[in-house]
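This briefing is for a reader who is new to the structure shown below.

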Amino acid sequence: MEQKRKYISWTKEGAVEAVEAFIGRHGRLPVAREMNRQNGLPSRRTFEKLMAQTFYEFGQARHPDLAQKGLERQRQSIL
C-alpha cells in the first residue's frame, strides 16, 4: 500500500526553527541538497520565498562564521 506524504505548510518562523534545529544537530548550515522534507527542512526555494532573501544572505546574517566555513568547504570541493 502506498504511503501518502504529509504536506507541510511552512511559516517563516517554522522554517527558521527547522534550520536552527538542523544547525544544532549538525553544527553547520545545510547544503542545498539537504533542504528537503526528509531532513525536516523546507526546500531552499520555499525558504527563500518565505524569508524574502537568499539562503546565503540568511546564513551571513544569522551565522556568519558557519556561512564562511560553508564557502571554504565549497571552494575546496571545486579544487
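In this predicted model, ring pairs join Phe-47, Phe-55 and Phe-58 into a cluster. The structure has three aromatic pairs. The pair of Phe-47 and Phe-58 is edge-to-face, because the ring centres are 4.9 Å apart and the planes stand at 80 degrees, an angle over the 60 degrees set for that class.

**Aromatic pair and its surroundings**

- Phe-47 belongs to helix α2 (residues 44–51) and Phe-58 to helix α3 (residues 55–62), so their pair ties together parts eleven residues apart in sequence.
- Phe-47 counts as buried because its relative accessibility is 0%, and buried means under 20%.
- Phe-58 is also buried, with a relative accessible area of 1%.
- Apart from neighbours within four places in sequence, Phe-58 is in contact with Val-16, Val-19, Glu-20, Phe-47, Met-51, Gln-53 and His-63.

**Nonpolar core**

- The largest nonpolar core has 15 residues, and those that touch the most other members are Val-19, Leu-29, Leu-41, Phe-47, Phe-55 and Phe-58.
- At least two residues of this core come from each of α1 (12–26), α2, α3 and α4 (64–78).
- With six residues, α1 gives the most to this core.

**Buried side of α3**

- Phe-55, Phe-58 and Gly-59 are buried in α3.
- These residues cover an arc of only 95 degrees around the axis, so they are on the same side of α3.

**Contact of α2 with α3**

- The axes of α2 and α3 come within 9 Å and cross at roughly 65 degrees.
- On the α2 side, the contact is made by Arg-44, Phe-47, Glu-48 and Met-51.
- On the α3 side, Phe-55, Tyr-56 and Phe-58 make the contact.
- Sorted by class, the contact of α2 with α3 has five nonpolar residues, two charged residues and no polar residues.

**A buried residue in a loop**

- Glu-34 is found in the loop between α1 and α2.
- With a relative accessible area of 15%, Glu-34 is buried.
- Leaving aside neighbours within four places in sequence, Glu-34 is in contact with Phe-22, Arg-28, Leu-29, Asn-39 and Leu-41.
- Among these contacts of Glu-34 are Leu-29 and Leu-41, both of which are listed with the core residues that touch the most other members.

Definitions and conventions:
Residues are numbered from 1 along each chain as its sequence is written. This is a predicted model: local features need pLDDT of at least 70, side-chain atom pairs count only at pLDDT 80 or more; totals for chains, interfaces and linings use all residues. Side-chain values use heavy atoms; hydrogens and water are left out. Rings of Phe, Tyr and Trp (its six-membered ring) pair if their centres lie within 6.5 Å; planes under 30 degrees apart count as stacked, over 60 as edge-to-face and the rest as tilted. Helices (H or I, at least four residues) and strands (E, at least two) are DSSP runs, numbered from the N terminus. Buried means under 20% relative accessible area, exposed over 50%, partly exposed in between (1.4 Å probe, protein chains only). A nonpolar core is a set of buried Ala, Val, Leu, Ile, Met, Phe, Trp, Tyr and Cys residues joined through side-chain atoms within 4.5 Å. Contact means heavy atoms within 4.5 Å. The arc is that of the directions from the helix axis to the C-beta atoms. Axes are lines fitted to C-alpha atoms, for helices over the stretch in contact, and angles run from 0 to 180 degrees between N-to-C directions. Ala, Val, Leu, Ile, Met, Phe, Trp, Tyr, Cys and Pro count as nonpolar, Asp, Glu, Lys and Arg as charged, and the others, Gly among them, as polar.
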